[in-house]
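I opened the model to look up salt bridges, ring pairs, strand pairing and helix ends. My entries follow in the order I made them.

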Amino acid sequence: MSKRVVTLAHYYTQPEIQQMADKVGDSLELSLYAKECGADVIVFAGVRFMAETAKILNPQAEVILPASGSTCSLVTQTDVAALQKWREEHADYVHVSYINSSAEHKALSDWIVTSRNVDDIIASLYAEGKKVAFSPDRNMGAYLNFQYGYDMPLWSAVCEVHDKFNQAALDEAFAAVAGAKYLIAHPESPLPVLQQADYVGSTSGMLNWIKAFDKEPDAVIFVATEDGILYNMGLARPDLNIKQAPIYAGCQCNSCPYMKMNTIDAVKRAQAGEGTRIDYLSAEQMDNARLPIERMLEFSKRYYQ
């Protein structure tokens, strides 16, 4: 009997990679799909922490990462030994970690969140009278503290792509538009950018905002996130003038180098069984990391399905 191979692709991969996938989505959508798709082999066209998450949720499946170097700055900027010490210093806090983190990081967490459910999960923890410490994304944590008046201790790592967006470049871009303009932004962006945004949300949330846009038809919509999602936005609403937000004078683009390591050839090789197998996680590591992920998935099923 032949093995069932399922290819997953994140919105930030190239359009031609998305066209090769059985499922395209954001971190939460792909996590849910990976858990329920019943694949024998999962080819994950994304970055390593996503493939690790798929393996943790499907330990019986082979999980293949097309590009071995496709990591994430939120992972590389986090020393796990230092994180463990930080957690011990906040032992009476619930440790909430963003899904953009290594398996070892997840194993030190009480809850895992994505950019789509982070607001609701943290709000529910505070409603239960708990204190929360947040890692690893400093920008996302700073926005949550600002938006909701929390006082969460924050780990200090950033997404190297989103952290490049800045208010001065946006002000310059806005000034060049005579008519209506809007800004939507991913919460991994710096706080001054998020304070200026008309909408802050996950990758899927921003895509849905674009799909539902019913204001001035000639407005310019700036999007502060990785450039891959602009392809999906253009497919959904070819009638709109959608631009990626600038990061500094003279540069109008911002692309994740790790996502773009997923080339057509690399994905084809992975679909044929070649590539980096996620086979290095111990059963104990996966068990410890699975618990906070499962908490998130159960929460998400209740609230979003």
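**Salt bridges.** I began with R290 and D287, which form a salt bridge with their closest N and O atoms 2.8 Å apart. I counted a salt bridge when a side-chain nitrogen of Lys or Arg lies within 4 Å of a carboxyl oxygen of Asp or Glu. The two residues are three apart in helix 14, so about one helical turn separates them. In general, an α-helix has 3.6 residues a turn, so residues three or four places apart point the same way. R290 counts as buried at 18% relative accessibility, while D287 is partly exposed at 43%. My cut-offs: buried is under 20% relative accessible area, exposed is over 50%, and partly exposed is in between (1.4 Å probe, protein chains only). I also noted a network in which salt bridges with shared partners join K3, E62 and R277.

**Ground rules.** The model is predicted: local features need pLDDT of at least 70, side-chain atom pairs count only at pLDDT 80 or more, and totals for chains, interfaces and linings use all residues. Residues are numbered from 1 along each chain as its sequence is written, and side-chain values use heavy atoms, with hydrogens and water left out. Helices (H or I, at least four residues) and strands (E, at least two) are DSSP runs, numbered from the N terminus.

**More bridges.** How many salt bridges does the whole structure hold? My search found 11. In one of them, the side chains of D110 and R87 meet at 3.0 Å, N to O. D110 sits in the loop between helix 6 (103-107) and strand 6, and R87 in helix 5 (residues 80-89), 23 residues apart. D110 is buried at 18%, and R87 is partly exposed at 26%. I then checked D92 and K131, whose closest N and O atoms are 2.7 Å apart in a salt bridge. D92 lies in the loop between helix 5 and strand 5, and K131 in the loop between helix 7 and strand 7, so this pair ties together parts 39 residues apart in sequence. D92 is exposed at 52%; K131 is partly exposed at 37%.

I placed E188 in the loop between strand 8 (181-185) and helix 10 (191-196). Its side chain makes a polar contact with the side chain of Y98 at 2.4 Å. A polar contact is a pair of N or O atoms within 3.5 Å; within protein, one must be able to donate a hydrogen and the other to accept it, and residues adjacent in sequence count only if both atoms are side-chain atoms. Leaving out residues up to four places away in sequence, E188 touches several others, including D137, N139 and M140. Contact means heavy atoms within 4.5 Å.

**Helix 8.** D137 caps the N-terminal end of helix 8, with a side-chain oxygen 2.9 Å from the backbone nitrogen of N139. The buried residues of helix 8 (residues 138-148) include N139, M140 and Y143. The buried residues pack against elements including strand 5, helix 7 (118-127) and strand 7. G149 follows the helix with a positive phi near 75°.

**Strands.** Strand 7 (residues 132-135) is covered on both faces: V132 and F134 on one side and A133 and S135 on the other are all buried. Strand 5 (residues 94-98) runs parallel to strand 7, joined by four bridges. H95 stands opposite A133. I counted two strands as paired if DSSP finds at least two bridges between them. Elsewhere, an open sheet of five strands has the order 2-1-3-4-12 with mixed pairing. Strand 2 (23-25) and strand 12 (276-277) stand at the edges with a single partner strand each, so one side of each lacks a neighbour in the sheet. Strand 3 (residues 41-45) pairs with strand 4 (residues 62-65) in the parallel sense over three bridges. I42 stands opposite V63 there.

**Rings.** I listed nine aromatic pairs. The rings of W111 and F299 have their centres 6.2 Å apart and planes at 90°, so they are edge-to-face. W111 is in strand 6 (residues 111-113) and F299 in helix 14 (residues 283-304), 188 residues apart. W111 is buried at 15%, and F299 is buried at 2%. Rings of Phe, Tyr and Trp (its six-membered ring) pair if their centres lie within 6.5 Å; planes under 30 degrees apart count as stacked, over 60 as edge-to-face and the rest as tilted. My last entry is a cluster of Y182, Y199, W209 and F213, linked by ring pairs.
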